[in-house]
Amino acid sequence: MSAASVGIVMLVHTALERAEQVARHWTAAGCPVVLHVDKNVDEAVFQRFRQGLASDPLVRFCTRHRCEWGTWGIVAASQSAATLMLQDFAEVRHVYLSSGSCLPLRPAEELAAYLEARPQTDFIESATTADVPWIVGGLDVERFTLRFPFSWKRHRYLFDRYVDLQRRLGIRRRIPAGLVPHMGSQWWCLTRQTLTAILQDRERARYDRYFQKVWIPDESYFQTLARKHSSRIESRSLTLSKFDFQGKPHVFYDDHLQLLRRSDCFVARKIWPRADRLYQAFLTDGARALTRTEPNPGKIDRIFAKAVERRTRSRPGLYMQSRFPSHWSVKSVTSNRYSVFQGFSELFEDFETWLAQITGARVHGHLFAAERAELVQGSTMINGALTDCAKLRDYNPQSFLTNLIWNTRGEHQCFQFGPGDRQEIREELARDPNAQISVISGAWAVPLFRSERDFGEVRREAARLQQIEASYLHTLRHRETTARVRIWSMAEFVEAPMEPLQAILDELGHLHPLSAPPALVNLDGFGQFLQNLKNQGMHPHLMGDFPVEQGRMDRAKPPRKPYLVQR
């Protein structure tokens with residue numbers, strides 16, 4: 001079978017040196033090539049490109065149009081190139097539309113033989129809007145019933161406002177009689193008969209006027225008109241093209257070589273221009289010919305589905321591809337378990353040092369303190385080049401926490417968190433199943449009690465901190481919280497601190513009985529301090545019931561169980 005029976009239309013706008021290489025590959029096999037070069041390409045660059053192919057008798061250049069994503073120019077370019085192909089190459093029986101970033105994966109002779117065996121078949125993805133599952137964040141039926149005179153990329157504000165205006169006014173376009181809008185991949189392979197019928201349709205001028213104001217007409221013009229003129233449609237593309245969950249095309253790199261071979265497809269897009277290994281393997285390797293099998297991109301669908309999952313859900317605590325995932329798409333914020341303590345450093349003397357010595361964990365101070373991130377032992381930098389700079393941390397607190405846990409995996413991380421810290425991270429803590437959060441509510445009052453500040457100032461600060469902590473406790477008690485949460489009031493904890501401390505150590509892997517608890521700060525007079533706050537009009541209710549007569553509670557009372565959220 002002669003490869004000359006297949007004509008290749010190439011829409012080129014960048015990487016012209018690669019486009020020239022691919023064009024020469026097609027013509028070397030006897031396939032005529034018509035090139036459309038985007039009018040946005042500099043004239044001098046275009047002339048050099050044209051001159052480089054001037055000696056090839058199977059190469060033609062069609063009228064240039066200005067092409068932009070989602071606009072009519074791409075359809076006009078395809079029309080001009082296809083018209084020239086049919087006019088200059090009478091032996092062509094099928095016209096194959098491709099781009100400058102497309103790469104043939106199988107010999108042209110195999111493509112020609114495949115099409116010769118199906119002389120009346122048009123290969124074009126074509127489905128009604130109700131049957132299209134791949135639209136992502138776009139319009140479906142409305143792309144055919146509204147007008148789109150503004151570029152979605154260059155004039156997004158005007159695009160959106162004009163769409164809203166048409167909706168409010170109830171403006172609807174009339175679809176030309178006899179047409180049922182269809183959509184599909186831009187990359188088709190049509191028979192000479194069908195393509196001629198589309199280009200010479202007596203109603204073409206009317207159809208063109210209509211589709212010029214349709215959004216993304218290159219995905220609907222030929223797909224709709226092929227349904228009118230074709231006698232046999234295979235609703236699929238012979239070009240391998242994969243898209244991510246945002247509707248953006250996957251780019252193939254050198255390490256996709258074996259993946260592309262397994263697809264058995266004739267052509268693939270989108271190829272990275274610097275993928276030298278791919279171009280070398282598929283354009284110059286004579287031993288690369290594949291078996292004469294049916295193109296089957298489904299062979300690699302599982303791999304792409306896995307890539308989409310990795311992209312959207314990521315690995316726990318490791319976000320890839322430079323696009324931070326949305327909250328709904330992430331199973332957990334971090335990669336490993338860690339512990340968050342609230343109120344412990346206020347209630348116990350040198351709590352961080354005691355916890356580090358008894359558990360071997362890496363214990364930080366208040367990582368989200370307003371002035372700086374209090375890294376372990378006063379460090380200014382830790383694993384992953386994370387610094388104590390509050391400005392860098394606060395640019396994206398979630399990323400700071402995620403990176404800290406990821407880069408220190410293998411050892412348990414602990415840090416303090418309280419109402420005096422930056423609160424932007426608290427929702428992430430609550431929804432992270434790796435977080436083990438232990439809270440002594442009201443303990444923030446101890447530093448105020450021990451300070452020598454003006455009492456009026458202390459009362460205002462106490463009211464502010466209590467309001468912040470109450471909001472945080474509400475978040476922790478929410479039904480969507482997935483962190484493991486333990487909450488004690490300060491009075492409950494001080495009554496019998498050994499039991500909750502032992503539970504915390506067990507959670508950290510220290511299974512031996514606790515023999516030497518950390519020293520409690522002196523609370524003599526704390527009950528009177530709380531009463532003074534009440535007398536000044538502030539009601540400190542998060543600490544529990546501290547009698548005025550004594551600072552320490554009666555240790556003989558039976559301990560109360562903590563509030564426990566177990567997910």
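Me: Is C31 buried or exposed?
Reply: Buried here means under 20% relative accessible area, exposed means over 50%, and partly exposed is in between (1.4 Å probe, protein chains only). C31 comes out at 1% relative accessibility, so the label for C31 is buried.

Me: And what is the relative accessible area of C189?
Reply: C189 counts as buried too. Its relative accessible area is 2%.

Me: How many disulfides does the structure hold?
Reply: A disulfide is taken as a pair of cysteine sulfur atoms within 2.5 Å. Keep in mind that this is a predicted model, where local features need pLDDT of at least 70 and side-chain atom pairs count only at pLDDT 80 or more, while totals for chains, interfaces and linings use all residues. Side-chain values use heavy atoms, with hydrogens and water left out, and residues are numbered from 1 along each chain as its sequence is written. The number of disulfides is 0.

Me: How many salt bridges are there?
Reply: Side chains of opposite charge can pair when their charged atoms come close. The rule for a salt bridge is a side-chain nitrogen of Lys or Arg within 4 Å of a carboxyl oxygen of Asp or Glu. By that rule, the count is 26.

Me: Which residue forms a salt bridge with E219?
Reply: The closest N and O atoms of the pair are 4.0 Å apart.

Me: How many residues apart in sequence are K228 and D201?
Reply: Their side chains meet in a salt bridge at 3.1 Å, N to O. K228 lies in helix α9 and D201 in the loop between α7 (192-199) and α8, so the bridge ties together separate parts of the sequence; helices (H or I, at least four residues) and strands (E, at least two) are DSSP runs, numbered from the N terminus. K228 is partly exposed at 39%, while D201 is buried at 12%.

Me: Where does R484, the salt-bridge partner of E507, lie?
Reply: E507 and R484 have their closest N and O atoms 2.3 Å apart. R484 is buried, with 18% relative accessible area. E507 lies in helix α21 (residues 498-507), and R484 is in strand β19 (residues 484-489).

Me: Which residues are linked with E142 in a network?
Reply: The links in this network are salt bridges. Joined with E142 are R161, D164 and R167.
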